[in-house]
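Me: I am new to this structure and would like to go through it by question and answer. Please show it first.

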Amino acid sequence: MKKMRKSLLIIVAIITLLAFTLAGCGDKASDDGGGATDSSGSYKIGVNTWGSGVPILDNFGDVSVYSAEALGNETVRASDDFTADKELTNAQNFASQGVDGVVFQLAAPPVLPEVGKVFADAKIPFVFSVFIGDDADLEKELASNEYIVGAIDSDMVFDGELIGQQALDDGVKTACIIGGNIGDNNMDQRIAGFKKVFEAGGGKVLAEARCTDASEAATKAEDMLSSNKDVDALYALVGDYIPGSMSAIDNLQLGDLLVYVSCTDAATAELIKEGRIKRGNDGINLAAFITPTLLQNWLDGNKILDDSGKAPHFRTIPFAVTADNVEDYLNTFYAPDGSQPLAESLLKSLIVKDNPDVTYQTYVDFIQNGLTLEKIMEAKNAG
């Protein structure tokens, strides 16, 4: 009889323990707006890219995955296959998979309201990264959707302004421009910034060649430059358009043409080192590194809000890549050991679990002062 009573007590204890365990594995969404309450701070994060197979787009996904996982999370990744329909489908798939949060690249601006509704209906917090849609739609979402964590992109108008000013400083009077499709915000904003500064300083843009993709660059650059052989400079809006442009320059024997580029990549940086390209800008992927920290704070109960109480819109600042710092740039952003440029310590300094004092102003200060090439190198070298 005593043995039976003892066995029953053991069974009751086991059932009670199981009940507590199962209760702790329930829905993570809280009743006050979907904030996750997993005390471990580890979540399942969805990450999309506009497409795959294009190095810069793959990189945006790679670094978001790196950051999310460096913060202790697991990730699921999807490609939009360069279509708006697939982009919306991926949002719906993330919702049906029950992810805890999403780092979303919105490269098809028209689907922004639909994507916002998908995540709001599923009570899943999301942050727009790198590609953030049209400003008017984004502002409406930031003001009205309680599940939007915020948006971070690069200041691409300023990117173009920096190149325009450099061209003026180098004595450039005339320029041609080559880049991606008309209507692509990344391209249009850089052109707007370049023209604003360059034309205000007396420069003149003689022609623009816009390409569906980089495969058209050689032909379109050669057509444009052959009609403007006396032009002083060529501005490539993205490093993808440099190989074709340099081929055209060589074919036309325009060795004195000054070349500038935004969105520097490893191959472009090598040409800067050789002196064939005067100056590049980069930092386009910094937003993809930081957006997971904004989402992590939301999930950990530290919603970052701007001074008006809305989810924030931050813009990272491009930095110059020149003959003076190109070696440092390559060693930091394209390290031989494959390490990522932003150290885990930098990322963790932005989340409440590791820095209880993180606020909106922390991000403002970090973007203004902590994302120079020098600061990034310093943190990486510190380990």
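Me: What percentage of the residues of the protein count as buried?
Reply: The model is a predicted one. A residue counts as buried when its relative accessible area is under 20%. The protein has 383 residues, and the share of them that count as buried is 50%.

Me: How many residues of helix H11 are buried?
Reply: Helix H11 covers residues 286-299 and is mostly covered. After H11 comes Gly301, with a positive phi near 90°. The count of buried residues in H11 is 14 of 14.

Me: Which residue in E2 stands opposite Gly46?
Reply: Strand E1 (residues 44-49) and strand E2 (residues 74-79) run parallel and are joined by 6 bridges. Together with helix H2 (residues 55-70), E1 and E2 make a right-handed β-α-β unit. Opposite Gly46 in this pairing stands Val76.

Me: Which element gives the largest share of the lining of the largest pocket?
Reply: The largest pocket holds about 840 Å³ of space. Its lining has 37 residues, and those nearest the centre are Trp50, Phe131, Asp184, Asn186 and Met187. The elements that give two or more residues to this lining are H2, strand E4 (126-132) and helix H7 (185-200). The largest share, 5 residues, comes from H7.

Me: What percentage of the accessible surface belongs to carbon and sulfur atoms?
Reply: The secondary structure of the protein comes to 15 helices and 12 strands. The accessible surface of the protein is about 17,100 Å². The part of that surface belonging to carbon and sulfur atoms is 51%.

Technical notes. Residues are numbered from 1 along each chain as its sequence is written. This is a predicted model: local features need pLDDT of at least 70, side-chain atom pairs count only at pLDDT 80 or more; totals for chains, interfaces and linings use all residues. Side-chain values use heavy atoms; hydrogens and water are left out. Two strands pair if DSSP finds at least two bridges between them. Helices (H or I, at least four residues) and strands (E, at least two) are DSSP runs, numbered from the N terminus. A crossover is right-handed if, with the strands pointing away from the viewer, the path from the first strand over the helix to the second runs clockwise. Buried means under 20% relative accessible area, exposed over 50%, partly exposed in between (1.4 Å probe, protein chains only). Accessible areas come from the Shrake-Rupley method with a 1.4 Å probe; for residues, only the protein chains shown count as cover. On a 1 Å grid over the protein atoms alone, a cavity is a set of points where a 1.4 Å probe fits but cannot get out, and a pocket is an open set with protein on both sides within 12 Å along at least five of seven lines; lining residues have an atom within 4 Å of a point. Grid points are joined across faces, edges and corners, and a volume is the space filled by probe spheres set on the points.
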